[in-house]
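Q: I have this one open on my screen. Can we go through it together, starting with where the chains meet?

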Amino acid sequence: MTQAGAPLASEPAVELNGVSLRYDTADDILTDIDIRLKPGTFTFLTGPSGAGKSSLLKLLYLAHAPTSGEVRLFGQRTADMSRNQLSALRRRIGVVFQDFRLLDHLTAFENVALPLRVSGEKPEDYRDEVVDLVRWVGLGERIHAFPPALSGGEQQRLAIARALINKPDILIADEPTGNVDPDMARRIFRLFIELNRRLNTTIIIATHDMHIIREFKAPVLKLQDGLLFADSSYEQA
Amino acid sequence: MNIKMNPLLPESDAREAALFFVVAALCFLAVLATLVARGTYTAAEAWTAQVEGEMTVLVSDTDRRGAESAATLIEALPGVERAHVLTDEELDELLSPSFGPGGIPDGIPLPLLIAVDAEGDTTALAADIDAALAEAGINGRADTHSAYAAEVRKALGTLRIAAIGTVLLLTMTAISVIAFATHAALLARKDIVDVLHLAGAEDRFIARLFERRFWLLGLKAGAAGSVAALAVTAIIVFSAQSSNAPSELLPKLSLDQWDLMILAVSPIAGALAARIAARITVGRSLRSSL
């Protein structure tokens with residue numbers, strides 16, 4: 001089995017083949033989904049509430065395994081990977097959760113540094129980097145604050161900083177601008193675009209914000225009743 | 001630059017305080033059970049060794065002078081340390097459980113008994129004594145107390161099994177309680193575990209957080225339990241020493257080097273059990289997720 005590594009140029013960064021997902025005995029949440037996203041693509045995922053957007057993202061950030069079909073990241077079939085290989089793969093994926101999932105007992109600095117900490121890096125090696133990123137998302141003054149002391153918008157920015165600190169190969173964000181003002185939303189999306197262009201990060205963003213989708217002109221995948229109304233025609237070259 | 005970071009698992013909460021008490025109590029009981037079992041076993045061993053090193057020779061059809069001659073004859077045999085005819089006072093004391101404090105009533109014929117302190121195999125020595133008495137024309141028979149000693153040995157075997165069983169039961173209970181508590185802690189901290197998991201933490205990394213937490217808890221609780229057991233044992237030892245109570249059949253709680261070793265090792269054993277229980281529980285729980 002190969003180690004998780006950089007994808008070959010011809011390999012999709014994200015590939016789902018005939019993926020379905022069902023929880024317990026309920027009906028399929030997702031049905032026969034096919035996606036192929038090349039490295040460096042920027043994709044919006046839309047659809048009404050309950051369409052399965054969050055479930056699809058969970059498959060992509062390896063929180064769930066599909067009921068059927070296969071998930072491939074960087075050309076590797078995730079079902080064939082060991083637990084440690086899956087952990088290594090997760091370290092290449094940044095996730096902005098809809099509910100932020102910040103740890104209340106850690107400071108803003110510590111929350112942002114979390115992915116580096118679990119990778120075994122030393123605080124003195126990443127301190128400046130974390131401080132710069134926290135400042136960039138406008139929380140320099142709140143760097144020692146705990147999440148419960150932050151507003152919803154501040155928590156969202158902190159969650160975004162945590163997703164970006166590892167310079168991930170894939171960034172997955174579930175409604176990343178739901179709690180921030182339009183200016184901050186644009187600023188965050190510009191950062192996503194910058195990451196996408198400079199570091200060739202593959203970005204998948206679930207959003208309802210049609211203004212943002214229109215403004216940033218990226219391909220859109222639409223989920224409706226567990227079915228995906230898009231295919232390779234949305235891929236960027 | 002050294003940067004102080006908060007632990008990834010929050011500081012202990014009320015659940016862990018309750019667990020601390022339970023583990024400390026279990027460790028206290030396990031240590032006390034071990035010490036008492038060991039003390040009882042040591043006392044019984046010493047008592048049995050004493051019984052097995054003694055013989056009684058019953059001589060008949062002779063007077064006290066004949067019995068004295070028999071004692072002299074026996075004392076000359078190899079393997080005999082001392083032989084003497086029991087005095088009336090010694091017989092009184094020996095038979096007092098049957099006759100009460102009033103002593104032996106007048107008119108009851110008393111047997112002539114020779115107490116023999118022996119070294120080595122008393123069975124072979126009894127045969128030598130019987131042969132020597134027969135050769136000297138003295139009617140006598142040596143009793144090695146073997147049937148009685150066998151009963152005591154049997155009781156000791158049962159005691160040993162009961163002691164080991166008690167300690168094992170307490171240890172298994174402690175491990176089960178800690179496994180249950182780890183599982184509860186894992187559920188209570190599922191939000192943290194999920195975030196760490198999705199941030200790319202390996203199972204071993206997450207398990208180590210819980211292992212370390214429960215190792216320290218087990219060590220502290222075990223130490224508290226051991227100290228409490230030490231205090232109780234010390235009180236028993238000093239009370240027994242100051243009261244001068246007859247203690248032949250009581251546990252010999254002495255706090256010797258072995259007892260102190262049990263006290264020192266128990267918290268480490270408790271902490272190790274806690275760590276292993278945490279590792280297994282966390283490992284199982286994580287493996288059930290992707």
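**Chain contact and chain by chain**

A: The contact takes 26 residues from chain A and 17 residues from chain B. Keep in mind that this is a predicted model.

Q: Which elements give two or more residues to the side of chain A that touches chain B?
A: Those are helix H2 (83-90), helix H3 (108-118) and helix H4 (123-136) of chain A.

Q: And which one gives the most?
A: H2(A) does, with six residues on the side of chain A that touches chain B.

Q: What is that side like by class?
A: The side of chain A that touches chain B has 13 nonpolar, six polar and seven charged residues.

Q: Staying with chain A, how many helices and strands does it have?
A: Chain A has seven helices and 10 strands.

Q: How much of chain A is buried?
A: Buried residues are 46% of the 237 residues in chain A. As for the contacts in chain A with a separation of 6 or more, 70% are between residues 24 or more positions apart.

Q: Now chain B. How is it divided?
A: Into domain 1 (14-48 + 160-287) and domain 2 (54-148). The C-alpha centres of these two domains of chain B lie 51 Å apart.

Q: Where does UniProt put the "transmembrane region" feature in chain B?
A: The unreviewed UniProt entry places that feature at residues 161-181, 214-240 and 260-278 of chain B.

Q: What is the secondary structure over 214-240 of chain B?
A: Residues 214-240 of chain B are 100% helix and 0% strand, with the end C-alpha atoms 38 Å apart. Residues 260-278 of chain B are also 100% helix and 0% strand, and there the end C-alpha atoms lie 28 Å apart.

Q: One residue I'd like to look at is B:Arg279. Where is it?
A: B:Arg279 is in helix H8 (residues 257-287) of chain B.

Q: Why is B:Arg279 classed as partly exposed?
A: Because B:Arg279 has 18 other C-beta atoms within 10 Å, and buried would take 20 or more, exposed 12 or fewer.

Q: What does B:Arg279 touch, leaving out residues up to four places away in sequence?
A: B:Arg279 touches B:Ala207 and B:Glu211.

Q: And how far apart are B:Arg279 and B:Val167?
A: They are 112 residues apart in sequence and 23 Å apart in space, C-alpha to C-alpha.

Technical notes
Residues are numbered from 1 along each chain as its sequence is written. Chains are lettered from A and ligands numbered from 1 in the order in which they are written. This is a predicted model: local features need pLDDT of at least 70, side-chain atom pairs count only at pLDDT 80 or more; totals for chains, interfaces and linings use all residues. Two residues are in contact if their C-beta atoms, placed from the backbone, lie within 7 Å. Helices (H or I, at least four residues) and strands (E, at least two) are DSSP runs, numbered from the N terminus. Ala, Val, Leu, Ile, Met, Phe, Trp, Tyr, Cys and Pro count as nonpolar, Asp, Glu, Lys and Arg as charged, and the others, Gly among them, as polar. Domain bounds come from an automatic or database domain assignment. UniProt positions are given in the numbering used here, feature names are shortened, and annotations may be inferred rather than shown by experiment.
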